[in-house]
Amino acid sequence: MVTQHSEPATAKPRLESFKSQAGLYFPGVAVSVTVAGTAQLLSEHHGAPAMLLALLLGIAMNFLGAEGRSVEGIEFSARTLLRLGVALLGARISMSMVADLGWQLVALVVGAVIGTIFFGLLVARFFGHKWRFALLTSGSVAICGASAAMAIAAILPKDHRSEERLLFTVMGVTVMSTLAMILYPPIVEFLELNGQMAGVFLGGTIHDVAQVAGAGFSVSQETGDAAIMVKLIRVAMLAPVVVVASILIRTYATLPKDGARPPILPTFVLGFLVLATANSMGLIPAAVVDVLSQTSRYLLLIAVAAVGMKTNLTQVMNVGGKAIALIIVETFFIAGFVLAGIYLLA
């Protein structure tokens, strides 16, 4: 009889603990989901970037992240849901897309990512910023915009300005990506690039996936397909960049007294790699890949909304005009790098 009743007796406290945690997080998560859903709806009706709208709506409701019942859930959304969203991005990656593009173009894309990050770290001092902000901005410009910014922010040592730098970077790269979506297609036509090369340029230089698709398919179907393929190769660079950055930070960075060292292989990066490997081996059905991809996008949208609610806009603007200039210069660098590579390969 003791054996029969021991399992329910053990399970009951666990159930109560789960209910307590769910009750603690639910208000903040619900608010974050609502803001993200509103941003998505506005984006579909007015054509503005959903990430930027989620950020701005979140900022407008930042009082919810300061005090009250929603604080814990907003923090949960900004951290845990973010990591889950980044991990699920791995389902979009496969080795077949690399093989289809060819090693020369893959080398160009990888070189552009690495070169942009080193360039950002090198020039940041001239704009009055140190390595944390440089890595955050250059990594987001080089890889995949807001998603990369949030993934890199998760491994950076925290200080009192971490949230400000993250929010400013997400806002900056999203705006630059939107401008690039509008301005780059006419440049492609002026330079008379063929469909594949135009796709390489657009996919290799625009920051966010949605804007890459918008720019690419506005030129042609061939350009759009090539642009998405190139962009996903840049997304695939997220995992190795985060791992290498984690190792370097652990080894060389001077951390705050209360700052924990980042893990060598963060759990969300491990999840990214597992899904990318499984998809490359054909273990994930196409329908499931699509579901995971959409889920990742919405989780990241929710996380961006939560980050907005955690941050004061006045503090973000204090980052300064030099920070804007740094993001612009990094954007010009990757555009020039890819364009030069295209002409060399041609």
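**Surface.** Accessible areas here come from the Shrake-Rupley method with a 1.4 Å probe, and for residues only the protein chains shown count as cover. On that basis I get about 16400 Å² for the protein chain, with 67% of it belonging to carbon and sulfur atoms.

**Ground rules.** I'm working from a predicted model, where local features need pLDDT of at least 70, side-chain atom pairs count only at pLDDT 80 or more, and totals for chains, interfaces and linings use all residues. Residues are numbered from 1 along each chain as its sequence is written, and side-chain values use heavy atoms, with hydrogens and water left out.

**Overall fold.** I looked up secondary structure as DSSP runs numbered from the N terminus (helices: H or I, at least four residues; strands: E, at least two). The protein chain has 16 helices and zero strands. Of its 346 residues, 51% are buried (under 20% relative accessible area; exposed is over 50%, partly exposed in between, 1.4 Å probe, protein chains only). I then checked contacts, meaning heavy atoms within 4.5 Å. Counting pairs at least 6 apart in sequence, 79% of the contacts join residues at least 24 apart.

**Core.** A nonpolar core is a set of buried Ala, Val, Leu, Ile, Met, Phe, Trp, Tyr and Cys residues joined through side-chain atoms within 4.5 Å. Which residues touch the most other members of the largest one? Phe 201 and Phe 268 do, in a core of 113 residues. Helix 14 (residues 286–309) gives the largest share of this core, twelve residues. Beyond four places in sequence, Phe 201 has contacts that include Tyr 184, Val 188, Leu 193 and Ile 342.

**Leu 299.** I picked this residue in helix 14. Leu 299 counts as buried because its relative accessibility is 11%. Leaving out residues up to four places away, Leu 299 touches Leu 81, Leu 84, Gly 85 and Leu 88.

**Ser 140.** This one sits in helix 6 (residues 131–142) and is buried, at 0% relative accessibility. The Ser 140 side chain reaches the backbone oxygen of Leu 136 at 3.1 Å. Among its contacts outside four places in sequence I noted Gly 145, Thr 169 and His 207.

**Salt bridges.** Side chains of opposite charge can pair when their charged atoms come close. I counted a salt bridge when a side-chain nitrogen of Lys or Arg is within 4 Å of a carboxyl oxygen of Asp or Glu. How many turn up in the whole structure? The search finds three.

- Arg 79 pairs with Glu 75, closest N and O atoms 3.8 Å apart; both lie in helix 3 (residues 71–88), four residues apart, about one turn of the helix.
- Glu 75 also meets Lys 310, at 2.7 Å from N to O. That pair links distant parts of the chain, 235 residues apart, with Lys 310 in the loop between helix 14 and helix 15 (313–317).
- Lys 310 bridges to Glu 163 as well, with closest N and O atoms 2.8 Å apart. Glu 163 is in helix 8 and Lys 310 in that loop, so the pair ties together parts 147 residues apart in sequence.

I wrote these up as a network of salt bridges linking Glu 75, Arg 79, Glu 163 and Lys 310. Lys 310 is partly exposed, at 24% relative accessible area.

Methods
Polar contact = N/O pair within 3.5 Å; in protein donor to acceptor, adjacent residues only side chain to side chain.
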